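Colleague: I have the model open. Can we go through the terms one by one?

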Amino acid sequence: MKTTYTFVPSPNHVYPDHPERPARFNILESRLKSFDAELLQTKPATREEIAYVHHPKLVDALERVCREQAPGIIDYAPTYVTQTSFEDALLAAGGVITCTRAVWRGEANSAFAIVRPPGHHAEPNRAMGFCIFNNVAIAACDLIAQGAERVAIIDYDAHHGNGTQAAFLNEERIAFLSAHQYQRGFYPGTGWIDEVPHAKKRIVNVPLPARAGDKVYEQVAERIFLPFVASFKPQMILISVGFDAHWNDPITMLGLSTAGYFMLAQKVIALAEQYCEGKIGFVLEGGYDPTNVANGAEAVFVAATGRGAPDANDPNPYEEPDCESRIEEIRSWHGF
Ligand SMILES: [Zn+2]
């Protein structure tokens, strides 16, 4: 079981008092060498690769803003740019492509692209939500360009992957599932069950109440992830993993523990083994507590290499809500 990874920390993509900061990786970085995974060198994504998802005018505008107006805020999330952000975002997207290609070509069983800035909020025509380019969407399109006929993306960052959804509304070769916190006022506000009625089974939203944790996510994986993958039959699965669904993340209110992240990684790896010869690539999205990010990454690596369980013991202290009827509503909307 060979596992590879890329690491793009973007130390100069930083803004005062912003949660999406280089320090997210402070604890993880020193532990990377202990994860029994091979570091791949990465190179920036090309403009042609970025253009799989983003309009060239947006790419030009972002480059100009970084050159001429940075540092600054470019949307209300707030999303910031610095003078290096354009190059940092190209390298982050390239770091994901390097990982997904290594798995697609059979050079690794699995891979984890640990990159920032994150990507899943970035839409074809706008950067938003701490994201510049949609790294996972670009890598999925690159797999299609490499010859894949069907790629599925499962996103279990705490927030709705609105950018990835927007990129693939009418792309039949790519399926997308997002499980996320959903309530009034919670960013980005999209991701309700019936949002994409023309793409039932292919675009699946799993809105969850605050405090949904390990038990709820286990049910979601068994009763929604599984039929989603079984019906689409992807040749590779990409995971947008955000460690901000951890119960003590500073900006969200979900309830996963490190054990829950380990369970989820095992479940999606098992789905990949069952449906697509084990081809799976993990892509980091959010996660704003450095300890959670390090423990969550360890959970992914330990699941990928099949060696034991993660060390962290950080059970969710809050009671989980009952999501039985919500899960059934989603299953019935899609006909799962
Ligand atoms: Zn998030």
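Modeller: Helix α4 (residues 85-104) gives the most to the lining of the largest pocket, with five residues. The model is predicted: local features need pLDDT of at least 70, side-chain atom pairs 80 or more, while totals for chains, interfaces and linings use all residues. Numbering runs from 1 along each chain as its sequence is written, and side-chain values use heavy atoms, without hydrogens and water.

Colleague: What makes α4 a helix?

Modeller: A helix is a DSSP run of H or I with at least four residues, numbered from the N terminus. Residues 85-104 form helix α4.

Colleague: Why is R47 with E63 called a salt bridge?

Modeller: The term needs a side-chain nitrogen of Lys or Arg within 4 Å of a carboxyl oxygen of Asp or Glu. R47 and E63 meet at 2.2 Å, N to O. R47 lies in helix α2 (residues 47-50) and E63 in helix α3 (residues 56-68), so the pair ties together parts 16 residues apart in sequence.

Colleague: Why is E171 called buried?

Modeller: Buried means under 20% relative accessible area, exposed over 50%, partly exposed in between (1.4 Å probe, protein chains only). E171 has 19%, so E171 counts as buried. Its salt-bridge partner R173 has 41%, so R173 is partly exposed.

Definitions and conventions: Helix = DSSP H or I, 4+ residues; strand = E, 2+ residues; numbered from the N terminus.
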